[in-house]
Amino acid sequence: MKIVFFSAQPYDKAFFTQFNQYQHELIFIDIPLSEQTADLAAGATAVCVFVNDKVTAGVIQKLAAGKTQIIALRCAGFNNVDIEAAKAAGIKVCRVPAYSPEAVAEHAVAMLLTLNRKTHKAYNRVREQNFSLQGLLGYNLHGKTVGVIGTGNIGKAFCKIMLGFGCKVVAFDLIANKEVEADGVEYQPLLEVLKADIISLHCPLNEQTKHLINKETMAYMKPGVVLINTSRGGLINTRDAIKALKSGQLSALGIDVYEQEEKLFFRNLSEDIIQDDEIQRLMSFPNVLITAHQAFFTQEAMEQIATTTLNNIQLLSENAKLDTQAALLA
Ligand code: NAI
């Protein structure tokens, strides 16, 4: 079977080639999937896409015309795929529902610790023989209240780590998770959870959650709250977040995802003039930490992504039953 990978990075090629147990023909293309590039998949049974490939109705029509039968997401979030259009075109869609949720949860914690204890500044400072502590004051996480929005696979892993730090953990989700509750997490209404000292977002991006964090919801937050987003950029209204950083309402912001990230992330733009003024403004704050969608990026997660994606494609091609979480459209 021929599988065409869009937005393929060298590490995708390395892991998928290593775990190609079905000996499929794997074609790696480094550009994103779009209406202009969809024809490159002509004749491929499956296309494999990542977080910023825009799988719109127009793209799906082109894939269907090229005889593609399966769209396999090599990620968990699927807000970038027009599922209805895929259904109408008779194309099956699958994803990797849970690949090392700990990878993302641990990255969220890394962002929080960096912002709090300013290890990024200390690293640079000491290299310049500046051993002063001025400006590096942090606070104990022990005893602080952490608000978690979305307690699925990643949110649950994040809650467990924060409980281990001795934090009080409060959470909001549409469905309370009994295991999380048994661990000591208290479910509260969203507006109560927003009053925590630290807030971490772990819900998917959809119509209900778009700009969940905006000037109205931020008004409920404690002045000086710390906000971490490793989920999807669209959960935060970036313009409102910039205003909240300027006023001090947000004392720190850690983002692994960004609303307009598809124009920036996963490439080296060090020689370019960046046209996006909002990311430039965010990068100028000393209390904002940005990583370029790397929370998933561990050895364990990459192995899991490669094996699950290839298994999903194999099962769908055999019309076999797929894990219900993995099968978005089987
Ligand atoms: P999951 O599906 O296991 O959990 C999502 C949780 O959010 C569920 O418990 C669901 O009930 C809840 N939820 C849905 N709508 C909600 C709402 N309106 N308010 C509050 N909670 C709501 O997903 P998982 O695996 O935990 O991933 C969460 C998100 O993390 C993904 O949707 C994806 O966007 C993002 N992600 C980011 C990665 C990165 O590298 N930065 C890697 C993997 C996922």
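Look at the shell around the ligand to begin with: by class, 11 of its residues are nonpolar, nine are polar and three are charged. Keep in mind that this is a predicted model. In total, 23 residues surround the ligand, and the closest are Asn-153, Ile-154, Asp-173, Thr-230 and Asp-256.

Let's zoom in on a few of the polar atoms there. Asp-256 puts a polar side-chain atom 2.9 Å from a nitrogen atom of the ligand. With Asn-153, it's the backbone that takes part: one of its polar backbone atoms sits 2.9 Å from an oxygen atom of the ligand. Ser-231 uses its side chain, where an N or O atom is 3.3 Å from a ligand oxygen. How much of the ligand does the protein bury? Taken alone, the ligand exposes 870 Å², and the protein buries 87% of that.

Now for the sheets. One of them is an open sheet of seven strands, and if you walk across it you meet β8, β7, β6, β9, β10, β11 and β12 in that order, with parallel pairing.

β12 pairs with β11 (residues 250–255) in the parallel sense, over three bridges. You can find Ile-255 standing opposite Ile-290 of β12. Helix α11 (residues 277–284) packs on this sheet and touches both β11 and β12, with its direction at about 120° to that of β12.

There's another open sheet to visit, this one made of six strands in the order β2-β1-β3-β4-β5-β13, and here the pairing is mixed. The edges belong to β2 (25–28) and β13 (327–329); each has a single partner strand, so one side of each is left without a neighbour in the sheet. From one strand to the next, the twist averages 20°.

β2 pairs with strand β1 (residues 2–5) over four bridges, in the parallel sense. If you want a landmark, pick out Phe-5, whose bridge partner in β2 is Phe-28. Then look for helix α1 (residues 10–18), which lies across β1 and β2. Which way does helix α1 run relative to β2? Helix α1 runs at about 175° to β2.

How values were computed. Residues are numbered from 1 along each chain as its sequence is written. This is a predicted model: local features need pLDDT of at least 70, side-chain atom pairs count only at pLDDT 80 or more; totals for chains, interfaces and linings use all residues. Side-chain values use heavy atoms; hydrogens and water are left out. A residue is near a molecule or strand if one of its heavy atoms lies within 4 Å of it. A polar contact is a pair of N or O atoms within 3.5 Å; within protein, one must be able to donate a hydrogen and the other to accept it, and residues adjacent in sequence count only if both atoms are side-chain atoms. Accessible areas come from the Shrake-Rupley method with a 1.4 Å probe; for residues, only the protein chains shown count as cover. Ala, Val, Leu, Ile, Met, Phe, Trp, Tyr, Cys and Pro count as nonpolar, Asp, Glu, Lys and Arg as charged, and the others, Gly among them, as polar. Two strands pair if DSSP finds at least two bridges between them. Helices (H or I, at least four residues) and strands (E, at least two) are DSSP runs, numbered from the N terminus. Axes are lines fitted to C-alpha atoms, for helices over the stretch in contact, and angles run from 0 to 180 degrees between N-to-C directions. Contact means heavy atoms within 4.5 Å.
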